[in-house]
Amino acid sequence: MAQWIPRLIDGLIITIQATLLGFALAVAVSFVVGLGSRIRVLRPVFRIYVEVFRGTSALVQLFYFFYVLPLLGVHLTPLVAGVTALGLNFGAYGSEVVRGAI
């Protein structure tokens, strides 16, 4: 059991990093999209973003960011891919909350 403790602590640190960074990205995206949806020119773009990210599962988005984007020439580290996918996913849900609040 003692040999697993360092690996568990490393995993805990990565989990905390992913959570905090994903939360920060989600809050930023939520407010930008939620408040920006009031602008007539940007409304269709933000609407498509919200529908796509709310309409697909987070797991599919994680696979897309990690496995499909490298095929298109965009290489992300596992942490960046996870933070980006989860931040954009939760940002889409949060933007509906912000949009509904105004």
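**Aromatic pairs, core and salt bridges**

Q: About what distance along helix α2 separates Y49 and F53?
A: In this predicted model, Y49 and F53 both belong to helix α2 and are 4 residues apart. Because of this spacing, the two residues are separated by about one helical turn.

Q: Is the ring pair of Y49 and F53 stacked or tilted?
A: A search of the whole structure finds 4 aromatic pairs. For Y49 and F53, the ring centres are 5.0 Å apart and the planes meet at 50 degrees. The planes count as stacked under 30 degrees and as edge-to-face over 60; the angle of 50 degrees therefore makes the Y49 and F53 pair tilted.

Q: Are Y49 and F53 buried or exposed?
A: A residue counts as buried under 20% relative accessible area. The relative accessibility of Y49 is 15%, so Y49 is buried. That of F53 is 14%, so F53 too counts as buried.

Q: How are the rings of F63 and Y67 arranged, stacked or tilted?
A: The ring centres of F63 and Y67 lie 5.7 Å apart. F63 and Y67 are 4 residues apart in helix α3 (residues 58-68), and therefore separated by about one helical turn. Their ring planes are at 20 degrees, so the pair is stacked.

Q: What accessible area do the residues of the nonpolar surface patch have together?
A: The patch is formed by L59, F63, Y64, F66, Y67, V68, L71 and L72. One of these, L71, lies in the loop between α3 and α4, and at 74% relative accessibility L71 counts as exposed. Together the patch residues have an accessible area of about 840 Å².

Q: Which elements give two or more residues to the largest nonpolar core?
A: This core has 12 residues: V29, V33, F46, Y49, V50, F53, F65, L69, A81, A85, L88 and A92. The elements that each supply two or more of them are α1 (5-36), α2 (43-55) and α4 (78-101).

Q: Which residues is L88 in contact with, leaving aside its neighbours within four places in sequence?
A: L88 is among the residues of the largest nonpolar core. With those sequence neighbours set aside, the contacts of L88 are L25, V29, Y49, F53 and F65.

Q: Which residues does N89 touch, not counting those up to four places away in sequence?
A: N89 is found in helix α4. Its relative accessibility is 4%, so N89 counts as buried. Beyond four places in sequence, N89 touches F53, T56, S57, A58 and Q61.

Q: How many residues apart are E96 and R54?
A: E96 forms a salt bridge with R54, with the closest N and O atoms 3.9 Å apart. The pair links distant parts of the chain, E96 being in helix α4 and R54 in helix α2. R54, at 37% relative accessibility, counts as partly exposed. The separation between E96 and R54 in the chain is 42 residues.

Q: Which residues are linked in a network of salt bridges?
A: The salt bridges number 2. Besides the bridge of E96 with R54, the side chains of E96 and R99 meet at 2.8 Å, N to O; E96 and R99 lie 3 residues apart in helix α4, about one turn of the helix. The residues linked in the network are R54, E96 and R99.

Methods
Residues numbered from 1 in each chain as written. Predicted model: local features only at pLDDT ≥ 70, side-chain atom pairs only at ≥ 80, totals over all residues. Heavy atoms only, no water. Core = buried A, V, L, I, M, F, W, Y, C linked by side-chain atoms within 4.5 Å. Buried < 20%, exposed > 50% of the residue type's maximum accessible area, 1.4 Å probe, protein only. Contact = heavy atoms within 4.5 Å. Phe/Tyr/Trp six-rings, centres within 6.5 Å; stacked < 30°, edge-to-face > 60°. Patch = residues over 30% accessible without salt bridge, like charges linked within 9 Å, V, L, I, M, F, W, Y side chains within 5 Å. Areas by Shrake-Rupley, 256 points an atom, 1.4 Å probe, with all protein chains shown as cover. Salt bridge = Lys/Arg side-chain N within 4 Å of Asp/Glu carboxyl O.
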